[in-house]
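User: I would like to learn how to read the features of a protein structure. Could you take me through one, giving the general idea before each case?

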Amino acid sequence: MSKPNPFETAQKQLDVCAKILNLDAGVHQMLRCPMRELHVSIPVKMDDGSTKVFQGFRVQYNDALGPTKGGIRFHPEETVDTVRALAAWMTWKTSLLDLPLGGGKGGVICNPKELSTGEQERLCRGYIDAIWQFIGPDKDVPAPDVYTTPQMMAWMMDEFSKLSGKNRFGVITGKPICVGGSWGRGDATARGGMFTIREAARELSIDMKTATVAIQGYGNAGCHASFLVQEMFGSKVVAISDSKGGIYNPAGLDIQAACGIKGETTSVVNTPNVQKISNEELLELDVDVLILAALENVVTAENAPRIKAKIVAELANGPTTPEADEILHKKGIHVIPDFLCNAGGVTVSYFEMVQNMSMYTWTLEDVYERLDVRMTNAYSKVLEASKRFGIDMRQAAYTVAVERVVEAMTSRGWV
Ligand code: NAD
């Protein structure tokens, strides 16, 4: 079976929302396509003296609410449709979080693992040379994404600054702290997710102090989440997993030990004195909270009837298929949808822009406090819309986000 085209998926999701909101046909059409996109060819001098030309994209989906914002992906299988879909989802995410930003995304077809450090730097600078007149702190602000790093963001910011003739730290976020990065960016996605889990638990009257938690995926998002649920709520993490499999202890896992083993051996499955479980079994555990922090399409129509968690928190993008969504909703399982649950990252990226533009740096406590306010407000708006329209949390998140973009387009006289 061929993979679904992500941009068609994004358009279908919007179509459902357009019906709920009874959107005007012209407005709907405007939101179905990117506002503008740039396709570039980037010549890079390779270490062996040859020149290789890489294809890159930057899509600015909608800027009714402000400058577009979204990451840059370096991926061998990058397609413009993936970039378009992700730019659309960024538009809804920044809107939902009440940020004064639109949505965008960028990508370059390449495999950075096959490039030397020098080649990576020349590709980063070449990409900026190709798109620099198209971006800027008040136009479009990129950030790291799949296979791009804070070091790459520093090179890109430097190239843009050179071309502009002045320091422009605010052009890109996710930079190292010494060149305008923000405190709190490292665990922002997981921490933001925690605030939404706290609110969901309150709504469902679940005491997080005695709650059990299972986490699929033990990378950046999942690993931070495992420490934060313990630190912030005192919950018990009973299961974690990575691509090699999972571990389970109903009495609670020693997260510090599992994390150390993961560092030493690349997988949590080598942790001693715990029960081994598969990723499939982890999903079906009888826990209060299931955090999905690995891949897309892991909860499907096949396994959704066996999911027992009371709250499913989607730190990963797209972990639940539309068919599974319906099943979980009917079972009364509370899903915190991806573009709400994992919006902490872009929110702290926005804080980084604000600090760069005002030439003032915030403390870690400032960042946490402001992140809490944004995430909590967004969660309550989505919950309210879900109750008002009698729809699930994902559709509710869409309606809140799309309504705000439409309001801005209308106020600006575009439609
Ligand atoms: P990562 O690469 O650091 O970690 C991914 C983890 O998933 C790894 O532990 C890997 O072993 C595990 N994994 C891979 N295949 C698996 C499988 N079949 N079963 C179980 N585990 C498997 O990635 P990340 O940055 O933590 O991102 C995870 C998800 O969160 C992605 O969907 C990403 O788009 C989303 N997300 C991340 C951020 C962020 O700031 N890191 C922000 C927004 C969304």
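User: In which sense do E10 and strand E11 pair, and over how many bridges?

Analyst: Strands of a sheet pair through backbone hydrogen bonds, either parallel or antiparallel. Helices (H or I, at least four residues) and strands (E, at least two) are DSSP runs, numbered from the N terminus, and two strands count as paired if DSSP finds at least two bridges between them. Here E10 and strand E11 (residues 311-314) pair in the parallel sense over four bridges, and Ile291 has Ala313 in E11 as its bridge partner. Before we go on, please keep in mind that this is a predicted model, in which local features need pLDDT of at least 70 and side-chain atom pairs count only at pLDDT 80 or more, while totals for chains, interfaces and linings use all residues. Residues are numbered from 1 along each chain as its sequence is written, and side-chain values use heavy atoms, with hydrogens and water left out.

User: In what order do the five strands of the open sheet lie, and which helix packs on it?

Analyst: The order is E1-E2-E4-E3-E5, and the pairing is mixed. Strand E1 (36-45) and strand E5 (140-144) are the edge strands, each pairing on one side only. Neighbouring strands of this sheet are turned by 25 degrees against each other on average, direction ignored; here axes are lines fitted to C-alpha atoms, for helices over the stretch in contact, and angles run from 0 to 180 degrees between N-to-C directions. Helix H4 (residues 117-131) packs on the sheet, touching E1, strand E2 (51-62), E3 and strand E4 (102-109), and its direction makes about 140 degrees with that of E1; contact means heavy atoms within 4.5 Å. Within the sheet, strand E3 (residues 68-75) and E5 pair in the parallel sense over five bridges, with Thr68 opposite Asp140 in E5.

User: Which residues have a positive phi although they are not glycines?

Analyst: Ser205 is one of them, with a phi of about 55 degrees; Ser205 sits in the loop between helix H6 (188-203) and E6 and is exposed, at a relative accessible area of 67%. Met359 also has a positive phi of about 55 degrees; Met359 lies in the loop between helix H12 (344-358) and helix H13 (364-389) and counts as exposed at 77% relative accessibility.

User: How many helices and strands does the protein chain have, and what share of its residues is buried?

Analyst: The protein chain has 14 helices and 12 strands, and buried residues make up 56% of its 415 residues. The chain is divided into domain 1 (34-175) and domain 2 (188-341), with bounds that come from an automatic or database domain assignment. The centres of the two domains, taken over C-alpha atoms, are separated by 31 Å.

Notes. Buried means under 20% relative accessible area, exposed over 50%, partly exposed in between (1.4 Å probe, protein chains only).
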